[in-house]
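Thanks for coming, everyone. I have one structure to walk through today. Please take a look at it on the screen.

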Amino acid sequence: MGRARAGRRQRAEGKRETGLRLKREPCSASHVCRLPAVLKGGCRMAIDIAEAVREYDSRRGSLHLFDVNAWLGEQPGPHLAGIETPEGLLEVMDRCHIEQAVVTSTTALHAHTGNGNLAVADALETSDRLVGGYILLPTFTGEQGSTSAPEAIDRAVDQGFRLFRLFPLSMSFTLDDWCVGDLLAHLQHRRLPLCIWHSETTWSHIAGICHRYPDLPMIVEGSGRKIIYDCRTCYPLLDRHPNLLLELHGFINYGLMEDFERRGFAGRVLFGTGMPFVDPDLSLGLIGYADITAENAARVAGGTLRGILGGVR
């Protein structure tokens, strides 16, 4: 028993010796905290927290970030912090060094689609850093002011919207052409990007849209389920359909971005945060610390999205 207690005491002392020792003083730019850490081989390195923060901010600022997935309005479910005004959204963007963002209304998704889209149109008047994300409905019911797909979409474009979303599961419709084919055809005609959560449909439906509308930029977001769980499906689809793109925040795992680069798919990933449902620093870390080329990092951060929006007719 004495030897067992001695062994436990020795292991505990070893943990205390090799673990991080956190000072109680608050860190700031003027106060440098140095934390001893143990690396492979037992080598010690002092971690300068202030310097790490400066490096992280520098990485973010150099990427010219364009968020394809930001939300504005009252939050119906759990979230980190409410963003209910354009000013609040811009404040978070400034903190995170995000230059531009596509913003969509939570009200349009969870309550009244028309009122929510109008709220975003008003928000676009406050800053040229914001681009509108518009939630579409099938035209047959005339719920968006017209039974004509070109008229409904063109009106939204005139209001500043450049990305369009469909929620077939939540809003009870199908992605078959007999239901939304008129919308898809006009989006393709104008080269306007379409965004769908893969938890709202099936990969077979996504593949069908990519095949039938090859000039339609098709963005799939990982909201509701991590993209990493679907790599066996999305990899062959990315290989077959050049118009298919994936939004970043659902990647979650570090290393997936590097695998996309190895497979030649880095240019098919768009930076998105999902804020305020998700902490934006998740996506910022995935791109800011990815071991990929600077050229590919710039494409993911905003270059590819800016190219898509620049090609809208």
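**Rings first, then the sheet**

Let's start with Phe260. Its relative accessibility is 0%, so Phe260 counts as buried. One thing to keep in mind throughout: this is a predicted model.

Now, what about Tyr235? At 12% relative accessibility, Tyr235 counts as buried too, because the cut-off is under 20%.

Tyr235 sits in helix α9, residues 231-240, and Phe260 in helix α10, residues 256-262, so the pair ties together parts 25 residues apart in sequence.

Tyr235 also pairs with Phe265. Here the ring centres are 6.0 Å apart and the planes are at 50 degrees, so this pair is tilted. It again links distant parts of the chain: Tyr235 is in helix α9, while Phe265 is in the loop between α10 and β10, and they are 30 residues apart. Both Tyr235 and Phe265 are buried.

Why give two numbers each time? A pair of aromatic rings is described by the distance of the centres and the angle of the planes.

Which residues make it up? Trp71, Phe167, Trp197 and Phe277, linked by ring pairs.

Strand β4, residues 98-105, pairs with β5 in the parallel sense, over three bridges. Look for Ala101: its bridge partner in β5 is Leu130.

On to the next pair. Strand β5, residues 130-135, runs parallel to β6, and four bridges join them. Here Ile135 has Arg165 of β6 as its bridge partner.

Is strand β6 mostly covered or mostly open? It is mostly covered. This strand spans residues 161-165, and four of its five residues are buried.

Then β6 to β7. Strand β7 covers residues 194-197, and two bridges join it to β6, again in parallel. Phe164 has Leu194 of β7 as its bridge partner.

Now for the connections. Which helix goes with β5 and β6? Helix α6, residues 149-158, and the three make a right-handed β-α-β unit. From β6 the chain crosses through helix α7, residues 177-190, to β7. That β-α-β crossover is right-handed as well.

Last topic: empty space. Rolling a probe the size of a water molecule over the atoms shows where empty space is left. How many cavities of 30 Å³ or more turn up in the whole structure? One. The largest cavity has a volume of about 40 Å³.

What lines it? Leu137, Pro138, Thr139, Gly142, Glu143, Gln144, Ser146 and Ala152. By class, that lining has three nonpolar, four polar and one charged residues.

That's my tour. Questions, please.

Technical notes. Residues are numbered from 1 along each chain as its sequence is written. This is a predicted model: local features need pLDDT of at least 70, side-chain atom pairs count only at pLDDT 80 or more; totals for chains, interfaces and linings use all residues. Side-chain values use heavy atoms; hydrogens and water are left out. Buried means under 20% relative accessible area, exposed over 50%, partly exposed in between (1.4 Å probe, protein chains only). Two strands pair if DSSP finds at least two bridges between them. A crossover is right-handed if, with the strands pointing away from the viewer, the path from the first strand over the helix to the second runs clockwise. On a 1 Å grid over the protein atoms alone, a cavity is a set of points where a 1.4 Å probe fits but cannot get out, and a pocket is an open set with protein on both sides within 12 Å along at least five of seven lines; lining residues have an atom within 4 Å of a point. Grid points are joined across faces, edges and corners, and a volume is the space filled by probe spheres set on the points. Ala, Val, Leu, Ile, Met, Phe, Trp, Tyr, Cys and Pro count as nonpolar, Asp, Glu, Lys and Arg as charged, and the others, Gly among them, as polar. Rings of Phe, Tyr and Trp (its six-membered ring) pair if their centres lie within 6.5 Å; planes under 30 degrees apart count as stacked, over 60 as edge-to-face and the rest as tilted.
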